Amino acid sequence: VLVLQAAWALAGGQVRYSVPEEAKGGTVVGRLAQDLGLEAGEAEARRLRLVAQGRRASVEVSGASGALLVSSRLDREELCGKSAPCALRLEVLVERPLRVFHVELEVTDINDNAPIFPAARRNLSIAEFTTLPGSRFPLEGASDADIGANAQLSYTLSPSEHFTLDVKSSDENRKSLFLVLAKSLDRETIPVHRLVLTASDGGRPSLTGTMELVISVLDANDNAPQFNQSVYKVQLPESAEVGTLVARVNATDPDEGSNKEFSYSILSSIPIGNKELFTIDTKTGEIRLAGTLDFEDVRLHELQIEATDKGTPPLSGHCSVELEVLDVNDNAPEVWVTSLSVPVPEDASVGTVVALLSVSDRDSGANGRVRCWVWPASPFGLEATFAGSYSLVLREALDRERVSEYEVEVRAEDGGAPSLRGRRGVRVPVSDVNDNAPAFAQAVYTVLARENNAAGAELARLWARDPDEAGNGRVSYSVWEGGVGGGWRPASSYVSFEVRAVDAGEPPLCGNATVQVFVLDENDNAPALLPPAGSGPEAGVGVAGEAWSAAAAGSGSGTQWAWAAWGAPAGQVVAKIRAVDADSGYNAWLRYELWEPRGKGPFRVGLYSGEVSTARALEEADGPRQRLVIVVRDHGEPARSATATLSVSLVEAAEAALAAAAGSSSSSSSRSSVGVEMGGGAASAATNVWLVVAICAVSSLFLLAVVLYGASRWAPRAAVLSGPGPTTLVCASEVGSWSYSQRHSRSLCVADGAGKSDLMVFSPNFPPPPPGPAAKDTQPEPSALLDT
């Protein structure tokens, strides 16, 4: 049966012990650890301990043995008063894992309090002869702070032939004492009687208290005042105000004269010491409140009322007034936090116990019934663990980055009308775990970088946000080797790469961002002159009547030759200056200026086309030869330039056509001589027709060889231009030329022979500005500095 009872107690989560009051310190109340199912030696390892309550505990748990011991004096009367049984409710906490057990400790009574009378001495006055045998005089009984048999009192009176003691029990706790006159008194024989009233309790051994009765024998006045009721029973709510009428007592005296006149007084009260709560009108017998009632302190007041006449000797009549105090809802519930486990990690599971609470209400009945809840309703809730005990548990998952600390209130409301409320605030901070990876503001960053920058120059600043705190939010940056690779690499491999941000959490989390680098052009290349169209370094004469000095190819200056016929109209194109700039954009946009001769010469040059044409009709006065100096400039800052020299020979129209044909078949070694001969031998050419025919024949054969050689030379180059690989974007129009450097991978746009072509402009995505202060977390984040 004992084993089943112990198992039932453990299953219900409650253990009961009993200990007598006044037990010495160190007294073993029970083997708590064993009764809770803990193995030997586990009590200290699992931190078995009592949870502190509102009042000081008088017991403690031994850390080594796990036994429940008396730590200080236990006084049942101080703890529970007259309440029986006297049970203390204790909460026992096992922290590993966290469990709560409830222990009920009953403090049993011992006979440690002797009966106490209201006064050590009581004076009585009894008239001789007129007071008949059998007359009764009420006496104040003793009180005993113990309970049960230890508080059951019996009374005895010292031996006397004139007096006896009559004890009447109104109920099991209260007894009425009366001193009964057994024999008429004779003042002349014995003027004063001294008796001892002894009260003994039912303890073993029994304790006693005494009161001395001093009885003075008086003459005459043989009628005492008599009350119309021996007991007046009334009820008042504890909220009754001062001055409220409690009761009105009424007594009469059949005597006459001064023996008939009497006054009322409050003789005594139970509990002792509460007499000052009431006042009585000595003439009318009205009893009124002089203080405030408290149901939780005293529920029943008993007053002994005395009416004393003015006779000689004065006689007295007595009655009692029993006042029952009714409870009102004047006590709000009280909430205590008995244990708090904070901070709570943000990855704590649902159901985790955050705090233990205790709730009580001093009222009774519905006024003392309490319901509790937590506000706001999430993410915590309350679970009842025992009468008046609750656990604050986690009901929802936490996120420190959203809410780092909670201020919750545990609210309690009783069942009174109107109800009263109590509350207790609980602060629950949330600790961080590494649950957020660093995140860049953009998945792809576009960086514009100028060419020719030095190693270590700053390209861009990247910033990744990690909302975690401390090490979990401390971010470090690196260029991901998986994207670029280790060791030295050419700069072109960094045109697109990944930057990785890694936090310092355990385990660390990372985030990536792609960086695309666009190289911006600088005007670091001057225009380069190209050979005339249809000719190369091997060609001495162009199809348009132009000749090219081999030393000028790819240089900043050069000399070209052209022929023009006298009488040619204005606007006829005699030559075209061709140049290219390895830069791009405005740095590669070329313009052509006629430097010499200045003023109104016979020729002009197109500002952006480079075509040299006649400004007016050519005349013999213009001379046999014109030397033109043409400057080619780009639009960079500062601008770069190249100079081309064009020598134009003025001949007859037929000679100009023949010179063009002959010039196309001459070798590079004879370019200068041909130019001279064509400029100065116009008259002899007309007379040597056979010589011209021979030259034309030889030139035709040579021209055929040149065409075959040119076809074999330019065919693979066209294949290269049309295929993939590093190419140059050249878009020509009537307003000039644009070129992009071959050092950048770009698509090819060639429009040879077309009147005009479209201008293609590629605009990179500029990176957005870095996030402002409002977008940052509570702590500053480091940025990644990208260098070349």
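Biologist: What makes up the contacts in the chain between residues at least 6 apart in sequence?

Modeller: In this predicted model, 67% of those contacts join residues at least 24 apart in sequence, where contact means heavy atoms within 4.5 Å. Residues are numbered from 1 along each chain as its sequence is written, and side-chain values use heavy atoms, with hydrogens and water left out. Because the model is predicted, local features need pLDDT of at least 70 and side-chain atom pairs count only at pLDDT 80 or more, while totals for chains, interfaces and linings use all residues.

Biologist: Why is Val-574 called buried?

Modeller: Buried means under 20% relative accessible area, exposed over 50%, and partly exposed in between, with a 1.4 Å probe and protein chains only. Val-574 has a relative accessible area of 5%, and is therefore buried. Val-574 lies in strand 41 (residues 573–576), and its C-alpha atom is separated by 5.8 Å from that of Val-612, which is 38 residues away along the chain. Over the chain, buried residues make up 39% of the 788 residues.

Biologist: How many helices and strands are there in the chain?

Modeller: The chain has nine helices and 50 strands, taken as DSSP runs numbered from the N terminus, helices being H or I of at least four residues and strands E of at least two.

Biologist: Why do strand 16 and strand 23 count as paired?

Modeller: Two strands pair if DSSP finds at least two bridges between them; strand 16 and strand 23 (residues 316–326) have seven bridges in the parallel sense, so they meet that definition. Lys-233 stands opposite Glu-322 in strand 23.

Biologist: What leaves one side of strand 16 and of strand 19 without a neighbour in the sheet?

Modeller: The open sheet has four strands in the order 16-23-22-19, with mixed pairing. Strand 16 (231–237) and strand 19 (262–270) stand at its edges with a single partner strand each, so one side of each has no neighbour in the sheet.

Biologist: What makes a set of residues a nonpolar core, and which residues have the most contacts inside the largest one?

Modeller: A nonpolar core is a set of buried Ala, Val, Leu, Ile, Met, Phe, Trp, Tyr and Cys residues joined through side-chain atoms within 4.5 Å. The largest has 26 residues, and those with the most contacts inside it are Tyr-17, Val-19, Leu-32, Leu-48, Leu-68, Val-92 and Val-103. Strand 1 (14–20) and helix 2 (32–35) are among the elements that each supply at least two residues of this core. A second, separate core of 25 residues includes Ile-287, Phe-295, Ile-305 and Ala-307.
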